[in-house]
Amino acid sequence: MEHHRHDVVVVGAGIAGLYAAMKAGESADVGVLSKVYPTRSHSGAAQGGCAAALGNEGNDSWEFHFYDTVRGGDFLGDQDAQELLVKEAIPVMYEMEHLGVPFSRTAEGKIAQRPFGGHFADFGKTAVKRACYAADRSGHAQLHCLYEQSLKQGVRFYNEFFVISLIIEDGTCRGLVALEIRTGVLHAFWARAVMLATGGYARAWRVTSNSHANTGDGLALVAAAGVPLEDMEFVQFHPTGLYPHGILISEAARGEGGYLFNNDGMRFMEKYAKSKMELAPRDVVSRAEQTEIDEGRGIDGGEYLHLDLTHLGEKTILERLPQIHELVVKFAGIDCTKKPIPTQPTAHYSMGGIPTDLDTRVLRDGKKQAVEGLFASGECACVSNHGANRLGTNSTLEAAVFGRRGGMVMARFVKEAGPILPGAERPTREAEEGFEHLCASSGPESAKRIRAELQASMTDNVGIFRTAAKLQKQVALIRDLKARFENVGISDRSRRFNTEITELIELKYMLDFSEVIAVSALAREESRGAHSRNDYPKRDDNQWLRHTLAFREADGSLRLDYKPVVITRFQPEERKY
Amino acid sequence: MTVERGRGSGGFWWWMMQRVTGILLFPVLMVHYVVTHLHTSHYVEYDKIAARVATPAWKFLNILFLTIVLLHGLYGVWNVLLDYLSKRPVLRAVLYSIVVTIGLALYVLGLVTIVPFSA
Amino acid sequence: MERQFKIYRFNPEAAPAASFQTYTVDIQHAWTVLDALNAIKWDQDGSLSFRRSCRHGICGSCAMKINGKNGLACEVQVESLKGVITVEPLPGFKVIRDLVTDMDGFFSHLEAVKPWLIAGTPPTDKERVQSPEDRKLIDGLYECILCGACTSACPSYWVNDDFLGPAALLKAARYVMDTRDDGLTDRLDVLDSRNGIWRCHTIFNCVEACPKSLNPTEAIVKLRQKLAALRI
């Protein structure tokens with residue numbers, strides 16, 4: 001095993017991880033581990049924009065953004081975190097511009113902004129242009145810029161290093177063990193501060209907008225260390241996934257004026273959100289779509305609807321939505337300037353995650369007590385900014401704001417925390433033994449079958465509409481899959497770039513957190529935001545205005561606990577669009 | 001990973017030279033071609049041609065022609081060689097000397113042919 | 001429909017030399033080459049190694065040579081290809097295993113061009129002003145996904161991997177052409193060097209290879225014009 005030391009080690013190189021690395025790198029020695037080359041991270045797939053109430057294109061204020069975020073999250077978000085998010089959005093957006101992000105521009109040369117679902121001025125009244133964008137490549141533009149700035153800052157990158165274990169001793173995180181994919185060699189990284197920025201977990205669904213890499217690695221790692229996972233039942237389904245694979249068609253398509261039609265040629269959003277129509281928040285639109293599909297009004301009775309852009313005209317489409325145009329041509333063979341796009345809801349974003357405080361410290365009890373030296377930010381974390389449903393364009397915003405914040409907090413922390421202390425030999429040895437055990441897997445079960453069954457069943461049973469029966473079935477199924485995983489076998493025994501091994505570890509991670517999702521969803525007997533229970537169709541603030549915390553016990557079972565929601569300014573009200 | 005970048009070796013002026021000589025080459029070549037191949041209604045006779053190339057204007061033209069052809073052609077050769085020589089500094093120096101030597105030798109040969117002509 | 005895939009295999013742990021292996025795959029409608037590779041890996045041969053992530057042409061992981069042409073496996077529809085489909089790693093890079101190539105040199109070339117904004121004046125507390133026309137100057141430059149298809153297709157790079165290559169130079173142009181950037185002189189020692197912009201012989205392979213329809217050759221020409229303007 002090779003050993004490395006850095007003041008700060010960041011796991012994951014999306015917007016959150018890179019922002020943290022860049023900021024911490026101003027005063028500390030930083031290493032970044034990423035299982036893909038940094039510019040391959042899924043932040044680069046974000047298309048539509050990044051929210052900030054700059055008011056460049058109409059009257060806007062952070063307070064309106066605050067309200068939209070609270071209401072969009074169906075009042076489950078912690079309002080102290082949300083207030084911080086929307087206030088810091090403004091300086092962070094300017095900072096990103098100063099760093100070089102190639103934002104599109106207004107006629108006066110300011111950062112251009114576009115409308116988006118759920119963005120309103122005057123506390124929910126009129127649509128406002130709040131999403132700062134770089135054509136429809138906003139995430140790509142931010143990701144590349146932050147990577148390049150991290151290079152400038154002298155951050156050390158360990159590309160294609162895959163973390164297999166965290167080293168936590170006596171409530172302190174001392175480092176981690178990672179696999180160098182290229183050689184198959186294990187490395188121990190010793191650090192004063194470790195930040196997890198490993199992204200989301202929507203790969204556990206069959207129809208998903210997420211990349212193959214989004215397997216919730218960080219979540220499984222902390223859960224294995226006894227840290228709870230918060231609000232895992234809240235998974236956002238994006239209304240416009242390209243049929244049939246679920247590749248993302250940005251909400252910018254509707255922001256720019258796209259319509260949704262059912263098989264009868266009706267703009268069905270009239271029935272579900274009469275005033276906001278297609279620009280209602282994502283959970284609302286996805287439920288509407290799923291209802292249309294379930295009631296047989298999908299196109300030709302199938303599992304998709306039509307997103308129509310043709311009335312926008314070729315010029316607008318090619319100028320504002322060039323990537324969408326290209327995607328639809330390449331993956332559906334359709335020219336969206338002439339024909340509607342077949343779309344379906346697609347698993348998209350993970351609201352839940354690793355519980356942290358406002359300074360990105362990971363909370364081992366989920367409430368107050370931090371694991372010393374362990375931080376998390378971005379989609380893998382749950383601060384909780386998004387509550388029960390994330391507002392469009394708040395994701396890259398959260399990654400930027402809290403990644404940046406975490407970077408600064410870690411820089412201060414390592415200055416005060418003294419030298420890096422290598423931990424005992426035991427945890428690295430255990431990690432190595434666990435890894436060798438997996439490499440030697442030779443049972444009759446196929447990883448592909450287990451993965452396919454998991455993904456298909458998550459889409460069927462833990463999709464947009466849930467019931468106790470489906471969720472119970474899913475919990476039992478996942479436990480069965482986990483048992484089968486113990487008898488899995490692989491054929492590739494070599495060490496060099498063995499992706500059969502990495503996929504196997506990712507599957508293990510997915511099985512772990514999927515069980516948490518199903519158990520948390522089964523327990524929450526209400527409908528709130530992205531969590532819709534047919535058997536409990538109403539939001540229940542008396543019982544369920546609280547966060548779920550799921551602990552993995554030493555015996556492997558799950559224990560649920562809850563904590564109150566932080567409400568500072570906006571009291572829960574009925575959510576209508 | 002360290003990469004040999006040949007810092008500050010400044011290809012700009014050479015690149016510009018290649019463009020300028022390339023452009024100049026065109027009219028000079030045309031004049032040369034028209035005069036020696038098309039505009040010859042008579043048999044090639046030493047005296048007549050010697051008389052022509054002995055004039056100051058023709059001497060200037062031929063020296064110009066010689067200069068730009070050698071610069072343009074040999075730089076082109078050198079530029080192709082350079083593609084293969086990034087990691088071989090010694091061979092690069094050797095070949096550079098050879099190209100320069102050939103260039104100078106041809107230039108001298110050309111000059112001693114053009115300059116002494118008298119009518 | 002059944003299709004045959006002839007795939008480049010190399011794993012020095014198993015055999016010192018590379019070879020080709022042929023697989024037959026039952027192709028579903030609208031499958032891309034990546035779908036076929038996944039099907040091979042998951043159903044037939046777990047030892048086949050390749051990179052993939054976003055599967056919609058934005059992350060740049062799965063660039064490879066497909067029927068003789070560089071492209072992203074996730075974007076190439078199997079139905080668009082004729083005959084036996086030959087899949088090879090990107091040429092010009094060292095092969096680590098199967099379809100996985102060593103991209104470290106590629107990324108170190110990127111770093112060499114100082115791919116970050118070098119602004120002459122400190123920022124204000126608001127955004128820098130840039131007109132939409134000025135912003136347009138970097139359209140066609142900032143969209144690069146760093147997949148490596150262009151650099152891997154460049155004959156100048158094949159014979160000289162010290163050449164910065166089209167991707168790094170396109171990135172350099174993305175900053176040099178940005179009206180907010182004043183860093184041309186800071187980048188001169190790299191761009192105006194033996195392995196910089198002068199090694200491009202305007203072969204245009206990079207343009208043909210780019211899955212995002214960008215034009216690195218034109219970007220290099222723009223850099224030359226900028227340099228000429230600076231020097232003359």
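Trainee: Let's start with chain B and chain C: how much area is buried between them?

Mentor: Keep in mind that this is a predicted model, where local features need pLDDT of at least 70, side-chain atom pairs count only at pLDDT 80 or more, and totals for chains, interfaces and linings use all residues. Residues are numbered from 1 along each chain as its sequence is written, chains are lettered from A and ligands numbered from 1 in the order in which they are written, and side-chain values use heavy atoms, with hydrogens and water left out. Buried area here is the accessible area (1.4 Å probe) that two parts lose on being put together, summed over both. Carbon and sulfur atoms give 52% of it for chain B and chain C, and the total is about 2200 Å².

Trainee: Which residue of chain B meets C:D162 in a salt bridge?

Mentor: The rule wants a side-chain nitrogen of Lys or Arg within 4 Å of a carboxyl oxygen of Asp or Glu. Three such bridges turn up across the interface of chain B and chain C. With 3.2 Å from N to O, the partner of C:D162 is B:K87.

Trainee: And which helix gives the largest share of the side of chain B that touches chain C?

Mentor: Helices (H or I, at least four residues) and strands (E, at least two) are DSSP runs, numbered from the N terminus. On chain B, helix 1 (12-38) and helix 3 (56-83) are the elements giving two or more residues to the side that touches chain C. The largest share, four residues, comes from helix 1 of chain B.

Trainee: Of the pairs of chains in contact, which share the most contacts?

Mentor: Contact means heavy atoms within 4.5 Å. Chain A and chain B are out, as no contact joins them and their closest C-alpha atoms lie 13 Å apart. Chain B and chain C do touch, through 21 residues from chain B and 24 residues from chain C. Of the two pairs in contact, the one sharing the most contacts is chains A and C.

Trainee: What distance goes with the salt bridge of A:K448 and C:D43?

Mentor: Across the interface of chain A and chain C, the rule finds ten salt bridges. In this one the side chains of A:K448 and C:D43 meet, and the N to O distance is 2.9 Å.

Trainee: Inside chain A, what is the strand order of the five-strand open sheet?

Mentor: Two strands pair if DSSP finds at least two bridges between them. Strand 11 (residues 235-242) and strand 15 (residues 341-350) of chain A, for instance, run antiparallel and are joined by six bridges. At the edges, strand 12 (247-248) and strand 13 (259-261) of chain A each pair on one side only. The pairing is antiparallel, and the order in chain A is 12-11-15-14-13.

Trainee: Over in chain C, which residue in the hairpin turn has a positive phi?

Mentor: Strand 3 (residues 63-66) and strand 4 (residues 69-72) of chain C run antiparallel, joined by four bridges. C:M64 has C:G71 as its bridge partner in strand 4 of chain C. Two residues sit between the two strands of this chain C hairpin, and the one with a positive phi, about 45 degrees, is C:N67.
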